[in-house]
Amino acid sequence: MALLFLRDVSLSFGAAPLLDKVNFQLETQERVCIVGRNGEGKSTLLKVIEGLIQPDDGNRIVQDGVKIAKLQQEVPHDTTGSVFHVIAQGMGEIGALLEQFHQLSHSMEHDYSEQTLAKFTQVQQKIEAQNGWELKQNVDTIISKLGLPAESEFSNLSGGMKRRVLLAQALVQNPDVLLLDEPTNHLDIPSIQWLENFLKNIRCSLIFITHDRAFLQALATRIIDLDRGQLSNWECDYHTYLERKAEWLDAEAKQNALFDKKLAQEEAWIRQGIKARRTRNEGRVRALQKLRSEHKERRHQQGTANLQVNRAEISGKVVFEIDNLSFNWPDKPIVSNLSCVIIRGDKVGIIGENGCGKSTLLSLLLDKQQPQQGSVKHGTNLEIAYFDQHRAQLDENKPVVESVLEESDHVEINGQRKHVISYLGDFLFSPDRARQPVKSLSGGERNRLLLARVFAKPSNLLILDEPTNDLDVETLELLEELLMNYQGTVLIVSHDRAFLNNVCTSSLVFDAPGEVNEYVGGYDDWLRQRPEHYNQAPSLSKNTATPASDNKANEAKPATAGNKSNKPAAKAKKLSYKDQREYDALPELLENLEAELEALGEQVADPEFYQQDNEQVQQVLKQLSDKEAQLEQAFERWEALESMLN
């Protein structure tokens with residue numbers, strides 16, 4: 001049964017509506033991911049679903065008794081108190097009573113006075129009157145399940161642990177629907193893996209927004225695409241969605257091209273002048289006016305960023321020569337006896353839990369921190385550009401246009417001189433947006449601005465500390481392509497597994513406290529290569545192991561008598577005789593349908609087509625619509641049969 005509905009919902013904050021008569025419904029136990037470009041209105045849609053924003057038009061319908069809770073996008077900086085206190089806040093008045101009971105229980109261990117006992121009895125009676133004991137058990141269960149320290153001060157926790165507490169705060173409400181806006185931001189890989197596995201097993205429906213493609217692929221059972229104010233539904237995994245969306249956009253482009261050709265022909269016709277005031281000509285003029293109106297109302301996709309790195313002269317062949325490097329803080333080891341060589345053109349991922357020492361390792365490599373043992377030798381002619389995940393390089397009160405270069409209003413990129421407004425346009429900032437202060441920008445816009453600032457500086461060594469936060473998928477893919485084609489050297493600190501897989505040629509991994517090891521390739525390559533003894537250690541490698549990852553690791557192991565995980569290979573699947581005949585005939589059917597559609601499309605595009613009798617026109621248009629539906633059904637059947645074979 002559907003838990004909530006949006007029916008013909010519209011919402012606008014400017015000229016183009018963010019939501020344009022959209023429809024949506026959520027079923028029980030669904031995990032729905034909302035995808036779309038930065039600025040399309042994904043977070044706004046989530047707020048409409050939550051009920052925080054009222055639409056301009058349409059209806060939001062929530063079934064009686066359905067509870068909706070939300071995990072906050074940003075960890076609040078001003079939240080203080082114990083973990084139990086923060087979690088209890090999610091329960092309102094009864095939560096305050098349970099927190100008071102919790103505090104008095106601990107106080108009575110040291111102060112068993114009559115006054116304390118009287119307060120304890122009074123609070124106990126209020127909780128009983130509101131049936132609060134069941135709720136307290138719920139709080140205790142969630143604290144235990146999430147592994148939270150109930151008495152610890154919230155403000156002293158790590159970012160990942162704070163996220164767990166806020167998740168517990170949402171879950172104690174026992175919601176039917178849980179909303180998550182970028183839940184993986186600033187989490188390390190173990191925390192992301194933990195969250196991913198936890199959310200798969202909770203008994204409520206999820207609606208979430210994420211830029212983490214591996215997280216999306218693992219969690220979503222359905223994808224909702226928000227594009228130019230419209231929602232489209234994709235009941236498939238993320239990789240299939242990408243393929244189908246590309247096909248859909250290609251079909252849209254072809255349809256628009258046919259429309260534009262028709263419009264151009266009609267405009268040429270009317271410029272010749274109407275030779276007689278016949279009814280047919282008057283109808284053609286009205287049709288032209290309708291075409292003009294449709295063309296004017298057409299919304300184009302947001303442009304793609306044009307990312308370029310300002311290249312310096314090439315560096316020496318050896319960029320870093322690390323010999324027996326060791327460094328420890330008084331309370332923990334960072335790196336012990338690390339030796340490796342980083343060559344020009346290497347793309348090196350630095351992987352590890354939050355707080356393990358990744359930033360310290362970067363400081364050691366860049367001579368900002370001196371090693372206690374060993375050495376780091378720099379290559380010649382290094383020009384370094386640094387991307388800071390905390391965006392400390394950005395002044396909140398400065399206009400965007402003044403945040404790229406401080407001494408000039410022109411940027412020279414690889415010999416091409418550009419005005420800074422034009423350069424910011426390559427990073428999807430309109431002239432108006434470029435003149436606004438930095439503090440008005442969204443998270444994704446700030447990341448794009450910092451990329452624009454970093455890439456404007458001539459460099460042959462890029463240091464990128466969490467560059468993927470808040471970027472939409474299209475910009476992420478452009479950044480990946482740019483880095484893969486970059487002729488210089490790149491050091492990347494990231495918790496985005498897909499990004500590491502796609503870009504890195506090697507990885508430096510904090511396998512255990514003080515143990516940094518070098519591996520060939522990205523994140524999945526490290527999982528396959530890691531030594532067996534790290535699987536037993538309480539380290540990153542153990543925490544991040546997933547069923548999929550373990551399967552890949554097992555594939556690389558030789559079969560042994562003691563290896564119980566090795567199973568006989570599954571037998572190849574076969575289709576029934578009838579299905580096999582249908583499967584063999586589908587390629588020819590698809591080819592014939594596409595040929596028929598192409599012929600019908602050319603017929604409809606002919607300027608003489610609409611001068612025929614209206615009944616004939618409608619007959620051809622219906623034929624075109626039917627063939628499109630047949631083609632779509634044939635593709636779906638082909639995919640279904642393919643999945644039966646795999």
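Modeller: The protein exposes about 33,300 Å², and carbon and sulfur atoms supply 47% of that area. Accessible areas come from the Shrake-Rupley method with a 1.4 Å probe, and for residues only the protein chains shown count as cover. This is a predicted model: local features need pLDDT of at least 70, side-chain atom pairs count only at pLDDT 80 or more, and totals for chains, interfaces and linings use all residues. Residues are numbered from 1 along each chain as its sequence is written, and side-chain values use heavy atoms, with hydrogens and water left out.

Colleague: What share of the residues is buried?

Modeller: Of the 646 residues in the protein, 46% are buried. Buried means under 20% relative accessible area, exposed over 50%, and partly exposed in between (1.4 Å probe, protein chains only).

Colleague: How many helices and strands?

Modeller: There are 21 helices and 20 strands. Both are DSSP runs numbered from the N terminus: helices are H or I with at least four residues, strands E with at least two.

Colleague: Where does Val48 sit?

Modeller: Val48 is in helix H1, residues 42-50. Val48 is buried, with a relative accessible area of 0%.

Colleague: Which residues does Val48 contact, leaving aside neighbours within four places in sequence?

Modeller: Those are Leu6, Val9, Leu11, Leu19, Ile53 and Arg60, where contact means heavy atoms within 4.5 Å. Leu6 is 42 residues from Val48 along the chain, and their C-alpha atoms are separated by 8.9 Å.

Colleague: New topic. Why is H14 largely enclosed?

Modeller: Because 13 of its 14 residues are buried, H14 is largely enclosed by the rest of the structure.
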